[in-house]
Amino acid sequence: MQSWIPLVPDSASTFSWKVDALYFYLSGITLFFTLLISGVLIFFVIRYRRRTPYEIPRPVAGSHKLETIWTVIPFLIAMTMFGWGARVYFDQYKPPTNAIEVYVVGKQWMWKLQHATGQREINELHVPVGRKVKLIMTSEDVIHDFFVPAFRTKADVVPGRYTTMWFEPTTPGTYHLFCAEYCGMNHSGMTGSIIVMEPREFDNWLSGNIGATTPAAAGQQLFQTLGCASCHGANGEGGRGPTLAGAFGKMTPLQSGETVRVDEGYIRESILNPQAKIVAGFGPIMPTFQGQVSEDQLVQLVAFIKSLRATGQTPATAASPAQTASPGTAPSPTRNVR
Amino acid sequence: MRAIESFEVPAPPKVNYINAQYGLKSWLLTKDHKRIALLYLGSITFFFFIGGLYAMMIRLELLTPQGDLLQSTTYNKVFTQHGIIMVFFFLIPSIPATLGNFLIPMMIGAKDLAFPRINLLSWYIYLLGGVVTIYALLAGGVDTGWTFYTPFSTTFSNSYVVATGLGIFINGFSSILTGLNFIVTIHTMRAPGMTWFRMPLFCWSLYATSLVMVLGTPVIAITILLLAFERVSRVGIFDPGLGGDPVLFQHLFWFYSHPAVYIMVLPSMGVISELVANFSRKNIFGYSFVAFSSLAIAVFGFLVWGHHLFVTPQSIYAGMIFSFLSFAVAIPSAIKVFNWTATLYKSSISYDTPMLYALGFIGLFTIGGMTGLFLASLAVDVHLSDTYFVVAHFHYIMVGGALMGYLGGLHYWWPKISGRMYPEGWGRFSALVIFVGFNLTFLPQFVAGYLGMPRRYHAYPPEFQVFNVLSTAGASILGFGMLIPAIYFVWSMRYGKHADANPWHLPGLEWRTPSPPPTENFEVTPIVTWDAYEFAPREETEVVGKFRPELERT
């Protein structure tokens, strides 16, 4: 929706007005000080112009009182900007608890996206109004940046690790998706659209695209073919390797005495560089899978491991999106289908 | 009426630093800081016009939304090379190596810098760095952006990254040597009576700049070495494919490159302090606050690099600390702006060209500084980072700030440097043209940035075109405005009116010796008994040397 305020982009997420409000505050202060300084300058320049060629004005020593005033007041104003900015930023980065998850892989010069329910998209992302959407992102090559001006948010997409961002769309429409981190030749072509839909339309869209394998189901296949199951158990129940079922999101003790939270980044690291953080009680026996799995496959393995429940039952056995609610995450969007 | 003009200045000498010796060899082997300043002036002007040419190519390409003038690979090289040339080969050396080199010894009453040979060496190193970089540009150019972000620069770019990096690496040493020279000179070479708090504020600001040069530049040298090492030997430092960390590069890069912003703008602030005080014939309001704010900027400037990383996986708590410190570093700059403004109160303001630049600087720097607060503010920066808002902001600092200060200073000291006056009417006219052209170029980019136009885009959605057309129109005016001084400075070297020793009627030491000065700067070592900007000295008759101002208060 085009904003009614001029010179402000479309507003389509819950962040939009929060960022805009702060932006207007900053603009107001900027305008005030710019006008104040230039007004005073212009007044002085006219009022105290040189009237006779050799006049020498009376010297002034300066004033500690004035110096204190114009140090303290700007500092206090700056602190309001800092506090306000930090507050909104904290909200933007605090990961939401019940969100639709979408996996994003950036590569020169395209965006590959996959919904937890299996639908794949290229340079397009369909999302419903009123639901929090969390992106779990990585890059196959260089650093990219997922930028949606209408949502007032962006985050770098960094090779070698997962970064996340989230937003909650508020207004249906089609919005720009830009790559905001320079990534080489066709950087300005690495763009796309975010399509925000009413929940009912979104559900229709989802069900119109079934048939795709969910990332978790694809991950289960990989889990077998790569031989992970021989040590971790077919359903992640453990064996020579640590138990994976139910491990996601929990803290786990390491051989080194530290503890680490089992998140997407840790699973990824353990697949590619298993010796880095070994779970307490296990030996350094796992081989690296560096070079054997693509970023897409890593995402699938991570999705599978996330889907493993402590009971040992895997929910990710079928292609139907209705069956892929991950533990600890939102109720699947498809549960809204009536 | 006995007037300021009446202070006795040495008659124009027959021999000055320009005509003391003739021949190419006398210039290429000179140890005179003034001649080295001129060598630098020529070289940075050369690079400035190359960088300006790239800028015009960028603006022409962006006139239309389609990427139709240049291919995307060419465009990427053009904006990269614009940044590299302007930052490393124009802005960083601009004021320190030309005006600083020329004026620091003259302002503190010294015969030369502390290490004249090292000073000459620094110019040769600069030249070597420049030649290597130009080789890289001619051989095929570089397309990484001036920021060289990894792993694009180490693994994916097919351009001359290592050669360009080598040029910047070499160039860094000239910066370090210049900084070292200034620090030692200011500590040890001040004339009798020239105490720290009698020094012109230009010296204070260059002292602060030199600290940043000496402490910061080695970090970019190390960073470039690591980058080249990874690119050549494939040892994993930054590329995660080799086991490295790409964000580590950004920390290292900005640890130098953010303070480098202060290398560019602090000297300019020093020039503005000189211009504001001297062209209003008033001592600067709150001298010690202005002096110490330079040092505060130099110190705080090292602690804010993380504000370039708010959208990277940097911890959000680190982000908050960097945001807080970035707001803190704005305060010393604000103090300067308020003090300059207060200086004008009940003063006697002339409208000469240098003052026009100074007034323009204060206005533009205020906008540049205030828009920096948008980018220091975390939530707004998330939306604005890597958009045209950032481009507009730093051009307000680097062109509206650093370049305006440089041009103002060049006009102000031109009579001393060349012994000739520039044409005042043309000077005022071009200052006005540059001011208008600059604002028209960069104001629309703030708006385009908030609307979401990303930087470094070769083609862009058509709704941004109106801002780009305005910007390109402004850039044409700006480019035209820049040509005027280039022409009249060259013209004035031969045809300009002869300048006397003190054409502006000022008390500074550099104005108490002929224009152009003799090789040894002062015939008699001056003894300083007055404060900086003391237009009506308290102890007029006690002044030693040939300076006997019989001034008249009005």
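Does Y533(B) count as buried or exposed, and how many C-beta neighbours does Y533(B) have inside 10 Å? Y533(B) counts as buried because 24 C-beta neighbours lie inside 10 Å, where buried means 20 or more other C-beta atoms within 10 Å of a residue's own, with C-beta atoms placed from the backbone.

This is a predicted model, in which local features need pLDDT of at least 70 and side-chain atom pairs count only at pLDDT 80 or more, whereas totals for chains, interfaces and linings use all residues. Residues are numbered from 1 along each chain as its sequence is written, while chains are lettered from A and ligands numbered from 1 in the order in which they are written.

| Residue or bond | Angle |
|---|---|
| T150(B) to P151(B), cis | omega near -5° |
| S515(B) to P516(B), cis | omega about -15° |
| N521(B), not glycine | phi near 75° |
| Y533(B), not glycine | phi near 60° |

N521(B) lies in the segment after α15 of chain B, helices being DSSP runs of H or I with at least four residues and strands runs of E with at least two, numbered from the N terminus. N521(B) also counts as buried, because 22 C-beta neighbours lie inside 10 Å.

Between the chains, 72 residues of chain A are in contact with 82 residues of chain B, contact meaning that C-beta atoms, placed from the backbone, lie within 7 Å. The largest share of the side of chain A that touches chain B, 17 residues, comes from α2(A).

Definitions and conventions:
Two residues are in contact if their C-beta atoms, placed from the backbone, lie within 7 Å. A residue is buried if 20 or more other C-beta atoms lie within 10 Å of its own, exposed if 12 or fewer, and partly exposed in between; C-beta atoms are placed from the backbone.
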